[in-house]
Amino acid sequence: MDAQQESVQVNNSQMGCTPDRLVLHTSKPSGEDVRLSMQRGQSRHIRCPPYNMGIRPSLCIPSMESTASGHKKDKGRRGKSSADSPILAQEAMVFVAQSDVNFRPLDSASDQRPSISGAVPTSSSERNELDCLEFERQLLELRGFSRGLINTLMRSRKPSTTRIYVRIWKKFLEFHTAQLSSEVPIFSILEFLQKGLDLGLSVSTLKVQISALGALFNSDIAGNRWISRFISACERSKPIRVPQIPQWDLTLVLDALTQSPFEPLQTASLKHISLKTILLVALVSARRVSDLHALSVDPPFLSVTSDRIVLKTDPCYLPKVATSFHRSQEILLPTFYENHSTPEEARLHTLDVKRAILTYIERTRDWRESRSLFVSFQGKNKGSRVTKCTLSRWIRDAIILAYKSKGRDPPLHIGAHSTRAVSTSWAERANVPIHLICKAATWSSPNTFYKHYRLDLSAASDLTFGVSVLDSVNPPNLQSL
């Protein structure tokens, strides 16, 4: 093979390109080692040649003479194979980034990626997860780690975090054409972050990229003075963050839950009782949807006392932050006006989350097929455990239905995660100590609440001044005073 040649066409008459046998260039090689450029996420077992081949001392194809002894062994193998097919040398393959790759934003989770050889996943999400795990496994193998150590390290992050990190790694390896080494390419990382900033990525997204690249190089690059200076400059260039306004009115929604179609629970449809129960649990617990998805109806994960109901997540469940503090926090749901004596107290008792959960479990007992707390109420999956996406949709649907039942147009872009901000902000307004708020929401520091979740609940009352000024168009009759 000519060392000066920069590329080899796939339909070259002298080279075969079939997935079921090895490749061989019929001309005698000149002695140099040949390196095959490998696409990111492609299985290491695929022997099809890529579009471009570069001369690198990584993957060796021995000469025809050196493989003569292997021809006899190949004859006994099953399937069609070329008698002139050489055996690939057992050298480590190193990822090579193509030089003509244009930088672009991170791919979405729905992007199709090649599947792992030999794996037959049942869905695209499982296939993408396997691809990400295989990609990280290959990176760890390049560092010389043993198989047992790699299996342990692969369990250090949640699969969702791994998918995000792998997408960032692939983008960076396309951007940074040099081979991986123990030296951290700080200036290449800075240029990579600058490209993202030019494309309009937020500071929080850039920080995620820094965390991912720190995991790739096993280094605290966030503490580097150049990286810190870059982030400080990005934060100073952004507009001042104004107090957030709630996406939806909690008072209106709770009032709607005390009326039809959510009440009475004994005659309400399975849909309405499911929507009401998940919304009340999300509001009173201030937990993530992933935490609510890990709840069970079996003891000791569910226990009932006279004044509360105590829920625990499955021990096998790993929260977003898998520390002992976050995994040991129980979900305490108190009763609400259980011993009511007036019609108004009886109306407020319909918001009792303990009452809603026990009624929901009783209504789903006969056809329940899962021990998970929340199960599907319709279709062929009735009684089966619902997904986290379904729980998020139930919360959004409950808020939208509450608005419509009150004759109001629901706000746009309602998020299920907004329940954490709404409930904790109203708790702060009610003078609940901040340490109790953080404990309920599993925040180890109040800074998380103040920086990301605290809402400006006084926005409506702040309109009083402006309304009074505009109301001067109808001045009072001074003669009547």
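## Basis of the description

Because the model is predicted, local features need pLDDT of at least 70 and side-chain atom pairs count only at pLDDT 80 or more, while totals for chains, interfaces and linings use all residues. Residues are numbered from 1 along each chain as its sequence is written, and side-chain values use heavy atoms, with hydrogens and water left out.

## Helices H8 and H14

Helix H8 (residues 250–257) packs with helix H14 (residues 388–405) at an angle of about 80°, their axes being 9 Å apart; helices here are DSSP runs of H or I with at least four residues, strands are E runs of at least two, and both are numbered from the N terminus. The axes are lines fitted to C-alpha atoms, for helices over the stretch in contact, and the angles run from 0 to 180 degrees between N-to-C directions. That angle makes H8 roughly perpendicular to H14, a term that covers 65 to 115 degrees.

On the H8 side, the contact (heavy atoms within 4.5 Å) is made by Leu252, Val253 and Ala256, and on the H14 side by Ile399, Ala402, Tyr403 and Ser405.

## Helix H13

Helix H13 (residues 353–363) has 8 of its 11 residues buried, so it is largely enclosed by the rest of the structure; buried means under 20% relative accessible area, with a 1.4 Å probe and protein chains only. Among the buried residues are Lys354, Arg355 and Ile357, and the buried residues of H13 pack against helix H9 (270–285), helix H12 (343–349), H14 and the strands E3 (302–304), E4 (308–311) and E5 (331–334). At the start of H13, a side-chain oxygen of Asp352 comes to within 3.1 Å of the backbone nitrogen of Lys354.

Leaving aside residues up to four places away in sequence, Leu311 touches several residues, including Phe301, Ile331 and Ile357.

Not counting residues up to four places away in sequence, Asp291 touches Thr313, Tyr317 and Pro319.

Note on methods:
Angles under 35 degrees count as roughly parallel, over 145 as roughly antiparallel, 65 to 115 as roughly perpendicular and the rest as oblique. Buried means under 20% relative accessible area, exposed over 50%, partly exposed in between (1.4 Å probe, protein chains only). A polar contact is a pair of N or O atoms within 3.5 Å; within protein, one must be able to donate a hydrogen and the other to accept it, and residues adjacent in sequence count only if both atoms are side-chain atoms.
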